[in-house]
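User: Hi! Could you walk me through this structure?

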Amino acid sequence: LDFTGEFKDGQMILQRDETGPNGTKFLQRMVWKNIAANEFDWSWEASQDGGKTWQVQWPIHYKRKN
């Protein structure tokens with residue numbers, strides 16, 4: 001997948017343009033945040049309005065097993 005972005009203000013945000021099966025164009029992004037030594041949050045998000053608002057599609061919390 002052709003995501004581009006950067007790590008800034010404690011978050012990694014990678015974004016791309018997408019076209020749905022019906023031809024509708026929208027944005028997708030992956031966001032990594034709350035990054036600590038043993039855990040972080042990752043979400044897959046979509047925007048139908050050019051990035052003004054985002055809807056979380058998959059929120060995931062990763063935590064290292066001890």
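This is a predicted model: local features need pLDDT of at least 70, side-chain atom pairs count only at pLDDT 80 or more; totals for chains, interfaces and linings use all residues.

Analyst: Happy to. Residues are numbered from 1 along each chain as its sequence is written, and side-chain values use heavy atoms, leaving out hydrogens and water.

User: Thanks! How do strand 1 and strand 2 pair?

Analyst: Strand 1 (residues 4–8) and strand 2 (residues 11–19) are antiparallel, with five bridges. Strands here are DSSP runs of E with at least two residues, numbered from the N terminus, and two of them pair if DSSP finds at least two bridges between them. Lys 8 has Gln 11 in strand 2 as its bridge partner. The hairpin leaves two residues between the strands, and Asp 9 there has a positive phi near 55°.

User: And how many bridges join strand 2 to strand 3?

Analyst: Eight, with strand 3 (residues 25–33) running antiparallel to strand 2. Ile 13 sits opposite Val 31 of strand 3. In this hairpin five residues lie between the strands, and Gly 23 takes a positive phi near 90°.

User: Switching to charges: how many salt bridges does the structure hold?

Analyst: There are three, where a salt bridge is a side-chain nitrogen of Lys or Arg within 4 Å of a carboxyl oxygen of Asp or Glu. Arg 16 pairs with Asp 2, and their closest N and O atoms are 3.4 Å apart. That pair links distant parts of the chain, with Arg 16 in strand 2 and Asp 2 in the segment before strand 1, 14 residues apart. Arg 16 also meets Glu 18 in a salt bridge, at 2.4 Å from N to O.

User: Are Arg 16 and Asp 2 buried or exposed?

Analyst: Arg 16 is buried at 12% relative accessible area, whereas Asp 2 is exposed at 54%. Glu 18 is partly exposed, at 22%.

User: What about Arg 29, which residue does it form a salt bridge with?

Analyst: Glu 45, with the closest N and O atoms 2.6 Å apart. Arg 29 lies in strand 3 and Glu 45 in strand 4 (residues 39–47), so this pair ties together parts 16 residues apart in sequence. Arg 29 counts as buried at 17% relative accessibility, and Glu 45 is buried too, at 6%. As for the other residues, salt bridges with shared partners join Asp 2, Arg 16 and Glu 18 into one network.

User: Where does Gln 28 lie, by the way?

Analyst: Gln 28 lies in strand 3 and is buried, with a relative accessible area of 10%. Its side chain makes a polar contact with the side chain of Arg 16 at 2.8 Å. A polar contact is a pair of N or O atoms within 3.5 Å; within protein, one must be able to donate a hydrogen and the other to accept it, and residues adjacent in sequence count only if both atoms are side-chain atoms. Not counting residues up to four places away in sequence, Gln 28 touches (heavy atoms within 4.5 Å) several residues, including Glu 18, Trp 44 and Glu 45.

User: OK, aromatics now. How many aromatic pairs are there?

Analyst: Five. Rings of Phe, Tyr and Trp (its six-membered ring) pair if their centres lie within 6.5 Å; planes under 30 degrees apart count as stacked, over 60 as edge-to-face and the rest as tilted. Five pairs in total, then, and one of them is Phe 40 with Tyr 62: the centres are 4.9 Å apart and the planes at 25°, so the pair is stacked. Phe 40 is in strand 4 and Tyr 62 in strand 5 (residues 55–63), 22 residues apart. Phe 40 is partly exposed at 27% relative accessibility, as is Tyr 62 at 40%. Trp 44 and Trp 58 form a tilted pair, 5.3 Å centre to centre with 40° between the planes.

User: Which residues make up the largest nonpolar core?

Analyst: Phe 3, Leu 14, Met 30, Trp 42 and Trp 44, five residues in all. A nonpolar core is a set of buried Ala, Val, Leu, Ile, Met, Phe, Trp, Tyr and Cys residues joined through side-chain atoms within 4.5 Å. Trp 44 is buried at 11% relative accessible area, and Trp 58 is partly exposed at 48%.

How values were computed. Buried means under 20% relative accessible area, exposed over 50%, partly exposed in between (1.4 Å probe, protein chains only). Helices (H or I, at least four residues) and strands (E, at least two) are DSSP runs, numbered from the N terminus.
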